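Hi everyone, thanks for making time this morning. Could you bring up the model on your screens so that we can walk through it together?

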Amino acid sequence: MATREVGSEGGDGALTEQFVAEWRNAAYNCYSSGHKFCREVCPVMQVTRDEAHTPTAFHANVVAMEQGHLSIEDVARDYVHCTQCGACELRCPNTLFTGDFYRFRTRTVDLVKAVRALAVESGVHQPGWQRWNELTDERKNEPVLNGTPVSQEHVADWADGLGLPVGGETVLFCDCEAAFYRTSLPRAVARILQAAGVEFGLMREQWCCGGPAAEMGYVDQARRFAEHNVADWRAVGAKRILVLDPHDYISFTEDYPRFFGDDYDFEIVLVVELVAELLREGKLTLSAPVDRVATYHDACRLNKRKGIYEAPREILRAIPGLTFKDVDHVTQWSYCSGAGAGLSIERPDLTAEISRRRVERAKRLEVDTLVSACVWSERPLSEQGESQDVEVVDLMELVAQAAGLEL
Amino acid sequence: MPTVTLSDALLDELVQICGEEHVFAGAAARFNRARVPSPFPVHRWDEFVPDAVVLPTSAEQISEVVKLANRERVPVVPRAGGTGLTDGAVPLRHGIMVDVKLMNRILELDLEDRTVTVQPGINMLKLSEELKPHGFIYPDNPASYPCSLVGGRIGTSGWSLIGGRYGHTRDLVISFELVLPTGEIVRVGDGGGPKVRKSSSGYQLKHLFMGHQGTLGIVTEATLELVKRPEAEFSAFYAYPSYLDAWRATGDFARSGAATLAGVVLFDEWKLAYLRRDDEAYIPQPESVKAVVALALYGNDDEVRASAKRMLRLGKASGGTYLGDEISQGDWASRHDRYATPLHGRTRDGQVVPMSWHCEDASILYSQLPAVREKWHAIAAGLRERFDMFDDWGMFAYTNGAFKPWGDYLTEIDIGIWEMQWDDESWAAWVDAKREIARVALEHGGSISACHGSCREGEVDLVPEELGGGFEVMKAVKRALDPNNVMNPGKYLLDRAYEEDAP
């Protein structure tokens, strides 16, 4: 990293100008705060300790770009160092103490996405992300299998033997990582919903949700994928979309409404919340004891981005035989697996270290199981769990087991 | 001002010492380590940018960097959290920035002798999280508690919001290791053994190497006091119809003699007006409320119960109106976040603009608080009248002494500054105002700074006057320890130490 760089003024000036005009006020609000309380809750900063990777720097760069000190070429690489977990936004005193009165929330995640988009538009690419998105564009699903091609032909292989129809009013959207890698999760979800009498079908042609492309700055691609999926939902008559992954949930509740405005009229249902409701209503019964000592990993996009932390705990407490050692959701603002927003593609070393620390925190509670509700977290956490003797399971896998369901 | 540009050969040497992944010469890495939260002339940002940044991982690496800097006569600027309010971590002469954030490990936890030894890049909140399972805290608790780092606390000799009960940084740091300006690694403390709290052996060097704003070396390790987690906390907020009533009550609480008393805080009328702009605790307060006093107690349950009763009696006798449990507990719990919000900034016609919170602090004797308050507000009013980018956010006074919190007060006037408006004229007016604020502190027998340090432009001009012959000693010490003036040059007027007729 010790190459000398001169603050270059290159790139597309008009794009940068437009970007700065949109983001300068947000940047001033952070610049003026100067508290930096965000720093020690940031999962990346906790590892790199690099001030250029902080939300403070992410905002200050906008001011520096406005003044002509920095260009997109100077800063683009720093913005790789963010999992878009949202912890910094919550810990920001501006959010905490002016949210109600001024209707203000610090939006670091959106800023990071905007800078990444500016980089892509300006022709500044991160090689890993560029390749990932090219492959996704080619195959229509993310290349989650480390070289083994994924394809539309196999996108529903996970559902073999489950007898799921295509289409209907309610459609289950199965995330790429779940469809091709951790297939035990969608199978568990399908079995649970079937057992509870929930009718649902699959899409005709399910593409990636487009969220990862949006997170890495490939906005046009994200939109094309969104358009495809929405068209497919409409074609099969879907009105209600069941979502089993928090990242997809962000895409469908934040990105898609921005793309389509008022025309976007689908009900988006998070499976974790639906299952909690099914348990509450007695439509699903958990009676097979699960002999484990477990703690719960708050999925960042549920806990920090969406404020969803009660439903998973409610479910865990309903599982017979399980000893549940909880860590409150505010303490978990500073926890993460490091898997989000493409960090694991460009900096797998950081993802591994963030996951190692997360598993270590679980280990200190003397548990044998770390339960997650985010499929993207489960691969890096499992890799670290193996060496620390902590098994990582998905909440829905555990529910299926407690409901006595065969996967 | 001399501008140093590092050669590629020198950069290569830094890489050899610290490793390629810990040396940064890119523009973004350097621009993001130029400023701290104190007012920063953003229109002159590029004047304060380091030439290179290193994130070392050991004392030996820092020592090598400092020796290299001496050989090449390049400035070295230490940086820990970069949350200080007096520019200590701002590279006034460019050079090599030594950022210690990567050195953030706990090295030893000694539950028997009750010490914890850490590296300088660890944050106090994170440290206390690690100490919690053992039943301890590290009670150095500044407003920047969630983000400032132990190394910076030593470099600035920080002040703690609960220092009345537990002491301030100087009382909580038992010993530390540092790299001197010439590169030698030494350990200083209260005695020879790194865990000894009181000694009469030799010069008392610990204090010399605290609060020097990075001009006398870089801390690489520190042994800190472990304190039992308090069983009980009690906080109370009282409202008063006038500043003088509240000031008298503050004195009563502070002189109560309760050993559990962690601090008493006096908010003035301007501060309440500022909080009434949006704080849900203050909007409902009637206009008759002109000042507020807050206090906090910590300790064993039985002690806190008894002293809380005493405080409630004193509060009633002083004519205060108790503001209720919700404000008393909630506002105290949110003390780190609550009182400095950019969106509270207002132009003269009431427009909301994002302003930086700037806190000008001094140590002021209790008897002088009312007079100083009036003079400081007049200075702030003068600024606001000339430039519609300054806003008076009111004053706080906190009990200042550790364990004997009654004589003097950390007194601050908070000034909101719309920093995007800086130009040379407004910056010059601000520097003049700070000098005037410091002048008032000295005229009333106080000190220019209780905790931030007094090396910023403006106020620093009066430091020789405040310290008298002591400043001559400072210069002699600086020149003896830093013969080449490489360690954070340009701070505290210490360049004068190198003038020909200097002592």
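This is a predicted model: local features need pLDDT of at least 70, side-chain atom pairs count only at pLDDT 80 or more; totals for chains, interfaces and linings use all residues.

The C-alpha trace of chain B spans about 70 × 60 × 45 Å along its principal axes. How compact is chain B for its 503 residues? The radius of gyration of chain B is 23 Å, close to the 23 Å from the globule rule, so chain B is as compact as a globular protein of that length. Of those 503 residues, 55% count as buried. And if you take the contacts in chain B between residues at least 6 apart in sequence, 71% of them join residues at least 24 apart.

Now let's look inside. In soluble globular proteins, nonpolar side chains tend to be buried together. Here the largest nonpolar core has 284 residues, and those with the most contacts inside it are A:Val275, A:Val399 and B:Val293.

On to the interface. On the A side, 40 residues are in contact with 44 residues of chain B. Which elements of chain A give two or more residues to that side? They are α1 (13-33), α3 (55-66), α4 (72-75) and α6 (93-102). The largest share, eight residues, comes from α6(A). By class, the side of chain A that touches chain B has 17 nonpolar, 12 polar and 11 charged residues.

Next, two backbone details in chain A. Most residues other than glycine have a negative phi. A:Arg49, though, has a positive phi near 55°, and A:Arg49 sits in the loop between α2 (43-48) and α3 of chain A. A:Gln84 also has a positive phi, near 55°, and its place is the loop between α4 and α5 (87-91) of chain A. Are these two buried or partly exposed? A:Arg49 has 19 other C-beta atoms within 10 Å, so A:Arg49 is partly exposed. A:Gln84 has 23 other C-beta atoms within 10 Å, so A:Gln84 is buried.

Last stop: A:Arg301, in helix α15 (residues 300-306) of chain A. Is this arginine buried or exposed? A:Arg301 counts as buried, because it has 28 C-beta neighbours inside 10 Å. Leaving out residues up to four places away in sequence, A:Arg301 touches A:Pro246, A:His247, A:Tyr249, A:Ile250, A:Lys306 and A:Cys374. Take A:Tyr249 from that list: A:Arg301 and A:Tyr249 are 52 residues apart in sequence, while their C-alpha atoms are 8.4 Å apart in space.

Note on methods. Residues are numbered from 1 along each chain as its sequence is written. Chains are lettered from A and ligands numbered from 1 in the order in which they are written. Two residues are in contact if their C-beta atoms, placed from the backbone, lie within 7 Å. Helices (H or I, at least four residues) and strands (E, at least two) are DSSP runs, numbered from the N terminus. Ala, Val, Leu, Ile, Met, Phe, Trp, Tyr, Cys and Pro count as nonpolar, Asp, Glu, Lys and Arg as charged, and the others, Gly among them, as polar. A residue is buried if 20 or more other C-beta atoms lie within 10 Å of its own, exposed if 12 or fewer, and partly exposed in between; C-beta atoms are placed from the backbone. The radius of gyration is taken over C-alpha atoms; the globule rule is 2.2 Å times the number of residues to the power 0.38. A nonpolar core is a set of buried Ala, Val, Leu, Ile, Met, Phe, Trp, Tyr and Cys residues joined through C-beta atoms within 7 Å.
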